[in-house]
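Here is a short report on one protein chain. Keep the model open as you read.

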Amino acid sequence: MDLAAATRELADQRQIAALWRHCLKVGRMTGFRTIVYACPPPYKKPTDPATVLRYQGMTVSEFQSLVFAGLIAGGHLTGTNSLVNARPFRWTDIVALSPRKSECEELLADANRQGLDDGWIFPLFGPQGRVALGSFGKPARKTLMETGMGDRLHVFAQMAHLRFCQLTPNLFGLEKTLSKRELQIIAWTAAGKSNSEISTILNISENSIDSYMRRAFAKLNVHDRTSAAVKAISIDLVRT
């Protein structure tokens with residue numbers, strides 16, 4: 001299949017269901033029998049209840065035990081072992097990447113017994129902190145696991161994730177919006193101003209600044225000034 005053409009056709013998918021069908025078609029036509037997509041809310045783990053999960057070519061029990069409860073909940077696919085590298089990797093690479101190798105070896109042995117012997121896993125990145133993981137598995141032939149094919153599939157998967165983000169811009173909005181004053185304070189924080197300087201600029205006490213800051217932290221689900229500024233910028237609440 002011409003992956004370049006399939007990637008261009010992503011722009012023609014105007015509904016989530018159509019986008020998913022297109023991805024399934026690409027998986028089948030390239031010779032993969034399973035496809036998995038997990039997109040958690042920004043800055044959350046894929047085990048978060050609001051995570052968008054899609055999969056095909058696996059039973060519910062296989063997905064829950066091997067992928068969700070095993071690889072995802074076990075932390076074998078998240079953090080520095082996959083997302084920071086920003087490169088596609090194979091199922092067979094997971095043991096080397098996992099911090100708990102013996103546990104991962106047992107998990108992969110179980111997967112192999114159920115026919116999940118190999119496949120590609122893709123770290124995916126989007127706007128406003130929308131990070132995801134995608135996978136094409138159960139390849140019909142060995143050539144599908146060559147590095148060049150992995151790179152081409154990664155481009156398709158990345159563009160499909162971006163299309164999903166385009167179609168669902170408000171999917172993961174903040175549960176509680178920041179007040180005008182909270183936004184002002186986070187904006188000045190992102191500009192590098194101290195509480196004392198913000199107090200002077202806004203003509204309110206430092207104690208008030210601290211109170212507004214703590215309320216903003218809670219709404220942004222962060223615990224420090226730097227994280228608050230970074231998240232506010234990443235979800236386009238604040239522009240520098």
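## A helix across the sheet

Helix H6 (residues 147–167) lies across E1, E2, strand E4 (119–124) and E5. Its direction makes an angle of about 45° with E4. Bear in mind that this is a predicted model.

H6 has 21 residues. From its first C-alpha to its last it reaches 30 Å, close to the 30 Å expected at 1.5 Å a residue.

Now turn to the strands. Five of them form an open sheet in the order E2-E1-E5-E4-E3, and the pairing is antiparallel. Strand E2 (52–56) and strand E3 (89–90) stand at the edges. Each has a single partner strand, so one side of each is left without a neighbour in the sheet.

Strand E1 (residues 32–39) and E5 run antiparallel, joined by six bridges. Ala 38 stands opposite Leu 133 in E5. Helix H3 (residues 60–72) lies across E1 and E2, and runs at about 130° to E2.

## Ser 135, inside a strand

Find Ser 135 in strand E5 (residues 132–139). Is Ser 135 buried or exposed? Its relative accessible area is 9%. Buried means under 20%, so Ser 135 is buried.

Several residues from elsewhere in the sequence touch Ser 135, including Thr 34, Ile 35, Val 36, Trp 91 and Phe 122. Trp 120 is also one of its contacts. The backbone oxygen of Trp 120 lies 2.8 Å from a polar atom of the Ser 135 side chain.

## Arg 130, inside a loop

Arg 130 sits in the loop between E4 and E5. Arg 130 is buried too, with a relative accessible area of 3%.

Which residues touch Arg 130? Leaving out residues up to four places away in sequence, they are Pro 42, Leu 124, Phe 125, His 161, Phe 164, Cys 165, Thr 168, Pro 169, Leu 171 and Phe 172. The side chain of Arg 130 has a polar atom 2.7 Å from the backbone oxygen of Thr 168.

Finally, compare sequence with space. Arg 130 and Pro 40 are 90 residues apart in sequence. In space, their C-alpha atoms are 7.4 Å apart.

Conventions
Residues are numbered from 1 along each chain as its sequence is written. This is a predicted model: local features need pLDDT of at least 70, side-chain atom pairs count only at pLDDT 80 or more; totals for chains, interfaces and linings use all residues. Side-chain values use heavy atoms; hydrogens and water are left out. Helices (H or I, at least four residues) and strands (E, at least two) are DSSP runs, numbered from the N terminus. Buried means under 20% relative accessible area, exposed over 50%, partly exposed in between (1.4 Å probe, protein chains only). A polar contact is a pair of N or O atoms within 3.5 Å; within protein, one must be able to donate a hydrogen and the other to accept it, and residues adjacent in sequence count only if both atoms are side-chain atoms. Contact means heavy atoms within 4.5 Å. Two strands pair if DSSP finds at least two bridges between them. Axes are lines fitted to C-alpha atoms, for helices over the stretch in contact, and angles run from 0 to 180 degrees between N-to-C directions. The expected span of a helix is 1.5 Å times one less than its number of residues.
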